[in-house]
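Please look over the sequence and the structure shown below. The report that follows takes up a few places in turn.

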There are 2 protein chains.
Amino acid sequence: MSAKLNLDKLDYQIIQEMMEDAEISYADLGKKLFVSGGTIHVRIKKLEELKVVKGKKLSVDLKALGYDVIAFIGVYLEKSSLYDTVAKELKKIPQIVRLNYTTGNYSMFAEIVCKDIQELRYVLHDELQKIKGIERTETFISLEESLDRNVVVLPENC
Amino acid sequence: MSAKLNLDKLDYQIIQEMMEDAEISYADLGKKLFVSGGTIHVRIKKLEELKVVKGKKLSVDLKALGYDVIAFIGVYLEKSSLYDTVAKELKKIPQIVRLNYTTGNYSMFAEIVCKDIQELRYVLHDELQKIKGIERTETFISLEESLDRNVVVLPENC
DNA sequence: ATTGAAAGAGTCTCAGT
DNA sequence: ACTGAGACTCTTTCAAT
């Protein structure tokens with residue numbers, strides 16, 4: 001499925017280090033990995049061209065901004081062939097931040113971020129119920145996020 | 001729940017713009033929002049001190065790196081009071097990247113990233129079954145991620 | 001491919017408003 | 001609080017290896 005990439009140990013080390021600290025400078029990262037800053041630069045450009053590294057994302061504290069409710073929604077479809085049309089409708093709801101087509105009980109799995117329970121209730125009741133093709137939904141409100149991290153991408157090396 | 005922050009329109013605009021493009025320079029962002037680069041700098045430092053902005057994260061294409069399997073795991077606990085001890089064990093499994101304590105059918109909700117189905121099977125069968133307190137689990141393998149975006153943080157303004 | 005140095009661009013500080 | 005300019009740091013390019 002995934003194309004041959006031929007990444008070496010240094011490539012993986014760069015990705016791993018930058019997943020832990022995306023703001024480290026090329027010079028400092030070079031020191032840490034015993035190569036020059038120029039080499040780090042060349043490798044990162046290569047990884048960006050290969051679309052392995054997609055860029056940087058701002059990390060914000062949603063709770064601090066007043067988004068107190070994170071919830072997961074399991075969606076049952078009337079027919080699984082309705083996935084594309086239902087997905088298109090769900091994407092129009094700005095509170096829905098993630099959507100996966102899944103195996104198992106639910107046809108699709110959504111993640112939603114809201115300011116409060118009232119807003120969640122509004123989206124679940126007024127927005128989702130309007131969408132044709134959704135049989136029913138099950139909502140799991142997050143009471144606590146205990147973990148949110150990156151996968152470890154170092155293989156046998158290092 | 002969330003403390004009084006007193007962010008103004010410019011603060012929200014900066015966060016919104018940087019969520020869409022985390023790598024824009026202060027000068028360019030200033031031009032876009034009709035203030036100087038120095039003002040953008042001051043505001044971002046303030047937002048970092050307030051812990052609203054937590055920094056930047058490297059965005060990588062897991063599929064390109066050979067992590068072909070993303071799955072969600074609903075965990076049923078024998079007693080919900082076992083959450084902390086089970087969470088501690090789950091955190092030891094590097095493939096588990098996210099963990100939430102939830103309301104609803106499941107006591108907890110995990111997200112897992114694996115290289116292939118064999119690795120997923122290994123974690124589900126060999127690692128999870130070892131953990132005391134887990135009654136059973138339900139796994140939803142993602143066949144397609146249709147959406148992964150940030151919430152829109154602009155209130156009445158703009 | 002990697003290096004080191006020079007050029008260019010960005011961040012950070014600060015005095016003035 | 002915002003600005004603009006100077007100091008500093010980082011990224012980017014490139015000739016040499």
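## Surroundings of a tyrosine in chain B

Apart from neighbours within four places in sequence, Y76(B) is in contact with N105(B), Y106(B), S107(B), G133(B), I134(B), E135(B), R136(B) and E138(B), where contact means heavy atoms within 4.5 Å. The residue sits in strand β2 (residues 69-77) of chain B. Helices (H or I, at least four residues) and strands (E, at least two) are DSSP runs, numbered from the N terminus. With a relative accessible area of 16%, Y76(B) is buried. The terms are set as follows: buried is under 20% relative accessible area, exposed is over 50%, and partly exposed is in between, with a 1.4 Å probe and protein chains only.

One of these contacts, I134(B), is 58 residues from Y76(B) in sequence, yet the two are 6.1 Å apart in space, C-alpha to C-alpha. The side chain of Y76(B) also makes a polar contact of 3.4 Å with the side chain of E138(B). A polar contact is a pair of N or O atoms within 3.5 Å; within protein, one must be able to donate a hydrogen and the other to accept it, and residues adjacent in sequence count only if both atoms are side-chain atoms.

## How the model is read

The model is predicted: local features need pLDDT of at least 70, side-chain atom pairs count only at pLDDT 80 or more, and totals for chains, interfaces and linings use all residues. Residues are numbered from 1 along each chain as its sequence is written, chains are lettered from A and ligands numbered from 1 in the order in which they are written, and side-chain values use heavy atoms, with hydrogens and water left out.

## The two DNA strands

Which residues surround DNA strand C? They are V35(A), S36(A), G38(A), T39(A), R43(A), S25(B), Y26(B), H41(B) and K45(B). A residue is near a strand if one of its heavy atoms lies within 4 Å of it. By class, this surface near DNA strand C has two nonpolar, five polar and two charged residues. In this scheme Ala, Val, Leu, Ile, Met, Phe, Trp, Tyr, Cys and Pro count as nonpolar, Asp, Glu, Lys and Arg as charged, and the others, Gly among them, as polar. Of the atoms of DNA strand C within 4 Å of the protein, 91% belong to sugar or phosphate and the rest to bases.

DNA strand D is surrounded by S25(A), Y26(A), H41(A), K45(A), V35(B), S36(B), T39(B) and R43(B). The surface near DNA strand D divides into two nonpolar, four polar and two charged residues. For DNA strand D, sugar or phosphate accounts for 85% of the atoms within 4 Å of the protein, and bases for the rest. Helix α3 (37-49) of chain A and helix α3 (37-49) of chain B each supply at least two residues of this surface near DNA strand D.

| Residue | DNA strand | Distance |
|---|---|---|
| T39(A) | DNA strand C | 2.6 Å |
| R43(A) | DNA strand C | 2.7 Å |
| H41(B) | DNA strand C | 3.2 Å |
| H41(A) | DNA strand D | 3.4 Å |
| T39(B) | DNA strand D | 2.8 Å |
| R43(B) | DNA strand D | 2.7 Å |

For DNA strand C, the elements that give two or more residues to the nearby surface are α3 of chain A and α3 of chain B. The largest share, three residues, comes from α3(A).

## Other places in the chains

E17(A) is in helix α1 (residues 9-20) of chain A. Is E17(A) buried or exposed? E17(A) counts as buried because its relative accessibility is 18%. Leaving aside neighbours within four places in sequence, E17(A) is in contact with L29(A), K32(A) and L33(A).

Most residues other than glycine have a negative phi. K51(A) is not a glycine but has a positive phi of about 65°. K51(A) is in the loop between α3 and β1 (53-60) of chain A, and K51(A) is exposed, with a relative accessible area of 58%. N6(B), also not a glycine, has a positive phi of about 55°. N6(B) lies in the segment before α1 (9-20) of chain B and is exposed at 62% relative accessibility.
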